[in-house]
Amino acid sequence: MMSFFDFDPKPRRSSVGVDVGGIMVGGGAPVVVQSMTNTDTADIDATVAQVAALHKAGSEIVRITVDRDESARAVPYVRDRLLRLGMDVPLVGDFHYIGHKLLADHPACAQALAKYRINPGNVGFKDKKDKQFGDIIEKAIEHNKPVRIGVNWGSLDQELLTGLMDDNQAKGFPLTAQQVMREAIVQSALHSGALAEDIGLGRDRIILSAKVSNVQDLIAVYAILASRCDYALHLGLTEAGMGSKGIVASAASLSILLQQGIGDTIRISLTPDPGGARTTEVQVAQELLQVMGFRQFIPVVAACPGCGRTTSTVFQELAQKIQSDIRKNMPVWRQKYPGVEQLKVAVMGCIVNGPGESKHADIGISLPGTGETPSAPVFIDGLKAMTLRGPNIAGDFEALVADYIEKRFGLTAGQAAAE
């Protein structure tokens with residue numbers, strides 16, 4: 001039985017590292033956050049704008065659809081425009097059905113991409129399948145690009161699945177249909193990885209994924225896959241859905257796998273609300289890794305949920321304002337205030353837990369609850385620093401937070417010159 005002292009929350013990842021346009025996936029590197037555009041890649045302006053927004057939000061790798069000649073021709077222009085904006089973000093080409101042809105016909109596209117994504121379930125059919133898969137692998141070798149072999153149960157190789165079902169039937173059905181399906185997904189990924197290696201692509205250029213939309217199936221499939229190989233693994237619950245359902249389902253499945261040391265890069269596949277921000281999936285991915293203690297992306301704002309003691313909404317509004325300002329300012333703060341992502345802020349609503357929680361934060365405030373004296377003690381680095389009073393408590397505290405960040409994380413004149 002595991003004791004408290006045996007528990008190690010540090011993840012154990014693939015020992016094989018894959019360089020994706022300067023971002024290391026696996027090989028002991030931190031878990032990488034990535035996302036995907038939903039623009040028509042042939043629309044260069046829209047695609048550049050969305051890639052830029054995703055990258056500013058924290059996506060370290062961005063995948064784009066390459067489905068026809070027009071989109072393939074646009075890829076080098078998208079990359080060059082991003083570089084002119086100062087965004088050297090690796091772009092992954094998502095290929096289905098005719099990827100072999102597009103890569104052959106558009107060498108500039110093949111070179112501009114940092115990685116190719118292949119789905120072995122629809123790269124080709126019957127006699128063409130292995131040939132067209134091999135053509136893409138050979139292009140990856142020619143252009144020195146890594147490949148993600150992404151199996152998806154929505155487009156699983158039906159020939160493989162049927163063969164496994166027939167074998168299972170001949171054995172008297174020792175496995176359920178669900179177990180056979182899971183095995184088919186794993187075998188498809190492993191077979192494709194081995195085939196890519198046989199063609200000449202190094203193991204350090206291969207990433208596998210095995211995506212399904214059911215939480216328990218996803219956990220089982222990746223646990224099996226991780227037990228049978230040491231390829232770098234891309235995690236994601238496909239077709240996770242919208243809103244809280246998609247967030248909860250993704251977090252429930254990926255957190256279990258990450259805690260087991262499975263997964264080197266993640267994507268949260270949320271369906272955005274109509275007109276909603278695509279960047280939400282990046283925020284969720286970052287927050288998942290952060291709350292689990294695997295990475296730190298932005299300062300943490302602790303805030304109480306409120307109760308009958310906190311009938312005023314002042315603490316809620318202040319917490320929301322500070323959280324919003326942090327996300328808005330982080331692209332600049334990362335450069336201006338090295339280490340600011342380690343900051344912890346507390347915004348509490350009454351005297352019950354307010355002072356204690358504020359002491360645990362770098363800077364915290366305990367606002368007065370219903371019936372309490374209209375004063376708000378502020379704690380800095382664990383010590384009571386002052387008490388705020390009057391009509392502008394929230395604004396005064398915001399100024400204190402800004403001042404704290406500048407004093408603690410701001411570059412000195414000498415450091416700035418060195419930078």
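The structure is a predicted model. Its protein chain is built from 14 helices and 17 strands. Of the 419 residues in the chain, 49% are buried. The accessible surface of the chain comes to about 19500 Å², and carbon and sulfur atoms hold 54% of that area. Among contacts between residues at least 6 apart in sequence, 66% join residues at least 24 apart.

The buried residues of H5 are Lys-129, Gln-132, Phe-133, Gly-134, Ile-136, Ile-137, Lys-139 and Ala-140. In general, an α-helix has 3.6 residues a turn, so residues three or four places apart point the same way. The cover over the buried residues of H5 includes helix H3 (99–105), strands S6 and S7 (147–152), and helices H6 (158–170) and H7 (177–199). After H5 comes Asn-144, whose phi is positive, near 55 degrees.

Ser-192 lies in H7, and it counts as buried because its relative accessibility is 6%, under the 20% limit. Leaving aside residues up to four places away in sequence, Ser-192 touches Pro-120, Phe-133 and Ile-149.

Helix H9 (residues 243–259) can be read in the same manner. Its 17 residues should span 24 Å at 1.5 Å a residue, and its end C-alpha atoms are 24 Å apart, in agreement. The buried residues of H9 are Gly-246, Ala-249, Ser-250, Ser-253, Leu-254, Ser-255, Leu-257 and Leu-258. What covers them includes helix H8 (215–228), strands S9 (232–235), S10 (241–242), S11 and S12, and helix H10. Just after H9, Gly-261 takes a positive phi of about 85 degrees.

Charged side chains form a further set of links. In general, side chains of opposite charge can pair when their charged atoms come close. The whole structure holds 20 salt bridges. In one of them, the side chains of Arg-63 and Asp-94 meet at 2.9 Å, N to O. This pair links distant parts of the chain, since Arg-63 is in strand S4 (residues 61–65) and Asp-94 is in strand S5 (residues 91–95), 31 residues apart. Both Arg-63 and Asp-94 are buried.

Another salt bridge joins Glu-281 and Arg-267, at 3.0 Å from N to O. Here too the pair links distant parts of the chain: Glu-281 belongs to helix H10 (residues 280–291), and Arg-267 to the loop between strand S11 (265–266) and strand S12 (270–271), 14 residues apart. Glu-281 and Arg-267 are both buried. Salt bridges that share partners also join Asp-40, Asp-67, Arg-68 and Glu-70 into one network.

The salt bridge between Glu-197 and Arg-203 has its closest N and O atoms 2.9 Å apart. Glu-197 counts as partly exposed because its relative accessibility is 27%. Arg-203 is likewise partly exposed, with a relative accessible area of 33%.

The cysteines present another picture, for the structure holds zero disulfides. Cys-304 is in no disulfide, and the nearest cysteine sulfur, that of Cys-350, is 6.2 Å away, whereas a disulfide requires sulfur atoms within 2.5 Å. Cys-304 has a relative accessible area of 19% and is therefore buried, as the limit is under 20%. Cys-109 is also buried, with a relative accessible area of 1%.

The last stop is on the surface. Tyr-97, Ile-98 and Phe-125 make a nonpolar surface patch of about 320 Å². Phe-125 is placed in the loop between strand S6 (115–118) and helix H5 (128–142). Phe-125 is exposed because its relative accessible area is 51%, over the 50% limit.

Conventions. Residues numbered from 1 in each chain as written. Predicted model: local features only at pLDDT ≥ 70, side-chain atom pairs only at ≥ 80, totals over all residues. Heavy atoms only, no water. Patch = residues over 30% accessible without salt bridge, like charges linked within 9 Å, V, L, I, M, F, W, Y side chains within 5 Å. Areas by Shrake-Rupley, 256 points an atom, 1.4 Å probe, with all protein chains shown as cover. Salt bridge = Lys/Arg side-chain N within 4 Å of Asp/Glu carboxyl O. Helix = DSSP H or I, 4+ residues; strand = E, 2+ residues; numbered from the N terminus. Buried < 20%, exposed > 50% of the residue type's maximum accessible area, 1.4 Å probe, protein only. Contact = heavy atoms within 4.5 Å. Expected span 1.5 Å × (residues − 1).
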